[in-house]
Amino acid sequence: MSNSHRIEKDSLGEVRVPADALYGAQTQRAVENFPISGRGFGRRFVEALGRLKEAAAETNVELGLLSAGRGEVIAAAAREVADGKWDDHFPLDIYQTGSGTSTNMNANEVIAALANRSAAAESRVHPNDHVNYGQSSNDIIPTAIHIACRAAIREELVPALARLHEALADRARDFDGIVKSGRTHLMDATPVRLGQEFGGYARQVEKGIERVELAGEELAEVALGGTATGTGINTHPEFASRTMAKVAARYGIDFREAEDHFEAQGAKDACVSLAGALNTVAASLMKVADDIRWLASGPTSGISEIQLPAVQPGSSIMPGKVNPVICEALMMVCARVAGNATTVTIGGQRGNFELNVMMPVIADALLESISLLANAAVVFTDRCVAGITARPERARELLERNPSIATALNAYIGYDKAAVVAKKAAAEGRSVRDVVEEMGLIDPEELDDALDVRQMTEPGVPGS
């Protein structure tokens, strides 16, 4: 046997494990079974798993189910896992057993190995008998998903979206005096204020925050305490409530045992709901980024009513070209989040009888979406929205040629005559005012009121 490996045993027999690995036989089998993507659970999930194992050990000591000495070394080792000291010893692929059993055993084996290194260990710590006491992968993994996602929403996504909301609201106030052409179906429509457009974007983000917070509340209920099939076999009746109280205290976030463990383990509806909320945020941000990109299009052949910060050269061949790259990056993130929502939806459908068997990919998709949206929102805020400036002259130029201004004439000359004016103005490239004056359709004293473009951006009937 090479010095680079050691022999470990499990119920299937002997396994060669790297000599310096903290994990054991079950993790090594999974390493060999699932060389699929090279993509493993991230820091947020491993932290949640470690915090959960730490709290479980402390609870089992309180309940007299583990000795104080054994429980203390397990909790200490789990804290180190949660703190990220041993992430290199979590090598497993996301695409593995659908319950996440391999990753749960990875944690159990690493924590047991660390505990057994401790001088305070009074007797050998076993990964299943002690670290996993009162638990099953089938309730631990879904609980860790809820912990990790709920923490990520509160600590990453909501602050990032709040920052974006504030920046958009600032632009809405800054641009409120600029009247411009509205656009529906990508065609000229009645006037709006640039500030109104940005106010709409700000409200979309604000409502997105409300949606993800509401979806996050569903994650407060966790599966812990159901063990293998939801019946709670081999666990103390107080284990879950006591353990989750400790986890809640450490994170400063509410968690509680599920009202029905068969729902909590057989279904992942709360995760599907969260994926939907994240997808809605992505749809909102796609609209905002795309609108901003169009409004800045040009500089000579597009709309060009706003100007974006120039953050990098835009072309390897066209000198001086600057592109809306921050908008484009955000739009790609939104596309990925939409794909992740589909993954979670399909994953949620695989709750066969008493266990969902697509939990690792559900966890990965949700946590990736949260992180991508949070990071992209910060970049979009700081490197795009905060530096947007208006081009009021261009907005005025386009507005003066907008035939839809004739809509305001309906109250004076009726829809049919107003349509004639609009078509003539568009066909001849003239302003609505010029055409109305030429045709003598409105008394000159009323024309200024009729074509007051600022008034057109507020509710009301012209001339009333």
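Mentor: Glu217 is partly exposed, with a relative accessible area of 44%. Buried here means under 20% relative accessible area, exposed means over 50%, and partly exposed lies in between (1.4 Å probe, protein chains only). This is a predicted model, in which local features need pLDDT of at least 70 and side-chain atom pairs count only at pLDDT 80 or more, while totals for chains, interfaces and linings use all residues. Residues are numbered from 1 along each chain as its sequence is written, and side-chain values use heavy atoms, with hydrogens and water left out.

The side chain of Glu217 meets that of Arg150 in a salt bridge, at 3.5 Å from N to O. Glu217 belongs to helix H7 (residues 194–218) and Arg150 to helix H6, so the pair links distant parts of the chain, 67 residues apart. Helices (H or I, at least four residues) and strands (E, at least two) are DSSP runs, numbered from the N terminus. Arg150 counts as buried, at 8% relative accessibility. A salt bridge is a side-chain nitrogen of Lys or Arg within 4 Å of a carboxyl oxygen of Asp or Glu, and by this rule the count comes to 42. Side chains of opposite charge can pair when their charged atoms come close.

Another bridge joins the side chains of Arg39 and Asp364, with N and O 2.7 Å apart. Arg39 is in the loop between helix H1 (25–33) and helix H2 (43–62), and Asp364 is in helix H12 (residues 359–383), so the pair ties together parts that are 325 residues apart in sequence. Arg39 is partly exposed, at 30% relative accessibility, whereas Asp364 is buried, at 14%.

The bridge between Glu54 and Arg51 has its closest N and O atoms 3.6 Å apart. Both residues lie in helix H2, three residues apart, about one turn of the helix. Glu54 is buried, with a relative accessible area of 2%, and Arg51 is buried at 15%. Arg51 and Glu54 also belong to a network of salt bridges with Glu58, Arg79, Asp83 and Arg250.

H2 itself is mostly covered, with 16 of its 20 residues buried. Just after H2, Gly64 takes a positive phi of about 75 degrees.

The nonpolar surroundings come next. A nonpolar core is a set of buried Ala, Val, Leu, Ile, Met, Phe, Trp, Tyr and Cys residues joined through side-chain atoms within 4.5 Å. The largest has 119 residues, and Phe198, Ile292 and Phe380 have the most contacts inside it. Helix H6 (residues 137–174) gives the most to this core, with 19 residues. Contact means heavy atoms within 4.5 Å. Leaving out residues up to four places away in sequence, Phe198 touches Leu168, Arg171, Ala172, Phe175, Ile292, Ile306 and Ile388. There is also a second, separate core of 19 residues, which includes Val179, Ile405, Ala425 and Met456.
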